[in-house]
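Here are some notes for a colleague going through this model. They are numbered, so that each can be checked against the view.

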Amino acid sequence: MSERARSFGARAQAYERFRPGYPVELFDVVTAYAGRPVRTALEIGAGTGKATRLFARHGIAVTATEPDRAMIDELRKHVPADVRRVRAAFEDVRPGERYGLVYAAAALHWTVPEGRWPRVAALLEPGGVFASFGGPVRLADPAVEEAVRTARAPFLDSDEVPSPDGTPPGHDMQWPGTELLRWPRLFTGVRQCVIERRLTMSAHDYLGHLSTVSAYLVLPVSEQQQVFGRIGRVLPETVEITADITVHLARRCAEQ
């Protein structure tokens, strides 16, 4: 697991406070795609349970896996008591029980590429659904975005995670859909859709959000303080952000 992937636990409470949650429209998209009742789900990299609670509160029996102790301790405070919590990286989850849904909320890119899709398939019932969803939080005002980009430039060229397979922004199919299409033996019906979302944050909360972003978390503490100070000085009191959720869906092929 990379240094960036291991960086979140130190900011677990801030992650819970400042990261946006997931809207009910996401649950509707996933279950409409499934086309049948979804009763069980395994979550990859549950974090503090932002997505866990969405599915659990709609009656799905969720097994939430998360490798970081601080994150899973924070998750415990916010999800229904019947959510099963497993402290484990995805690669350490042993196939056995199969689920109607396996999903990852802004976490799949932290998993090990080798063997990723056979592992997902082994955890799904035939005809079960895989879902991956997430997306960057970006400033909506180009002038403010440019000011922030200039402020962070001495420390970071970008604070986003690049596409794991190099798919360029704007391509019709983004990762992980691009990878799923390469596994027709395991998955069918690969689909991509976007849930548009616009939010307003105070400058304080936006900086709080940045403090949970891995690109900043791996900087030395002194550099974190400097970059957040520089960004804070160019922000207006409130900022408009785009936080669109890109959803990828696929169905486990029936076993031959």
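**Notes on the predicted model**

1. Start with tyrosine 22. Its relative accessibility is 18%, so tyrosine 22 counts as buried, the limit being under 20%. Keep in mind that this is a predicted model.

2. Next, phenylalanine 133. Its relative accessibility is 2%, and phenylalanine 133 counts as buried. Phenylalanine 133 also forms a stacked aromatic pair with tyrosine 103. The centres are 5.9 Å apart and the planes make 15°. That pair links distant parts of the chain: tyrosine 103 is in strand S4 (residues 99-105), phenylalanine 133 is in strand S5, and the two are 30 residues apart. Tyrosine 103 is buried, as is phenylalanine 133.

3. How many aromatic pairs are there in the model? The count comes to 8. In one of them, the rings of tyrosine 22 and phenylalanine 133 have centres 5.3 Å apart and planes at 75°, so this pair is edge-to-face. Tyrosine 22 lies in the loop between helix H1 (12-18) and helix H2 (24-34), and phenylalanine 133 in strand S5 (residues 124-134), so the pair ties together parts that are 111 residues apart in sequence. Ring pairs link Tyr22, Phe27, Phe55, Tyr103 and Phe133 into a cluster.

4. A charge over a ring also deserves a look. The ring is that of tyrosine 33, and the charged end of arginine 251 sits over it. The distance to the ring centre is 4.6 Å.

5. On the annotation: the unreviewed UniProt entry gives "domain: Methyltransferase" for residues 42-128. In the model, that span is 23% helix and 26% strand.

6. Strand S1 is next. Of its 5 residues, 4 are buried, so S1 is largely enclosed by the rest of the structure. S1 pairs with strand S2 (residues 61-65) in the parallel sense, over 4 bridges. Threonine 40 has alanine 61 in S2 as its bridge partner. S1 also pairs with S4 in the parallel sense, again over 4 bridges. There, leucine 42 stands opposite valine 102 in S4.

7. Is alanine 46 buried or exposed? Alanine 46 is buried, with a relative accessible area of 7%. Its place is the loop between strand S1 (40-44) and helix H3 (52-56). Beyond residues up to four places away in sequence, alanine 46 touches Thr52, Ala64, Thr65, Glu66 and Leu75. Methionine 71 is 25 residues from alanine 46 along the chain, yet their C-alpha atoms are separated by 8.2 Å.

8. Alanine 106 has a positive phi of about 50°, although it is not a glycine. Alanine 106 is in the loop between S4 and helix H5 (116-122). With a relative accessible area of 27%, alanine 106 is partly exposed. The second detail is a cis peptide bond between tryptophan 175 and proline 176, with omega about 10°. Proline 176 is in the loop between helix H6 (142-152) and helix H7 (177-180).

9. Which strands make up the open sheet of 3, and in what order? The order is S6-S9-S8, with antiparallel pairing. Strand S6 (138-139) and strand S8 (198-202) stand at the edges with a single partner strand each, so one side of each is left without a neighbour in the sheet. Between S6 and strand S9 (residues 238-242) there are 2 bridges, in the antiparallel sense. Leucine 139 has isoleucine 241 in S9 as its bridge partner. Helix H8 (residues 203-210) packs on this sheet and touches S6, S8 and S9. The direction of H8 makes about 105° with that of S8.

10. Last, methionine 201, which is found in strand S8. Methionine 201 is buried, with a relative accessible area of 10%. Leaving aside neighbours within four places in sequence, its contacts include Phe18, Pro20, Tyr206 and His209. Glu237, Thr238, Val239 and Ile241 are also in contact with methionine 201. The C-alpha atoms of methionine 201 and threonine 238 are separated by 5.6 Å, and the two residues are 37 apart along the chain.

Notes:
Residues numbered from 1 in each chain as written. Predicted model: local features only at pLDDT ≥ 70, side-chain atom pairs only at ≥ 80, totals over all residues. Heavy atoms only, no water. UniProt positions renumbered as here; feature names shortened; annotations may be inferred. Phe/Tyr/Trp six-rings, centres within 6.5 Å; stacked < 30°, edge-to-face > 60°. Buried < 20%, exposed > 50% of the residue type's maximum accessible area, 1.4 Å probe, protein only. Lys NZ or Arg CZ within 6 Å of the ring centre and 35° of its normal. Contact = heavy atoms within 4.5 Å. Pairing = 2+ DSSP bridges. Axes fitted to C-alpha atoms, helices over the stretch in contact; angles between N-to-C directions.
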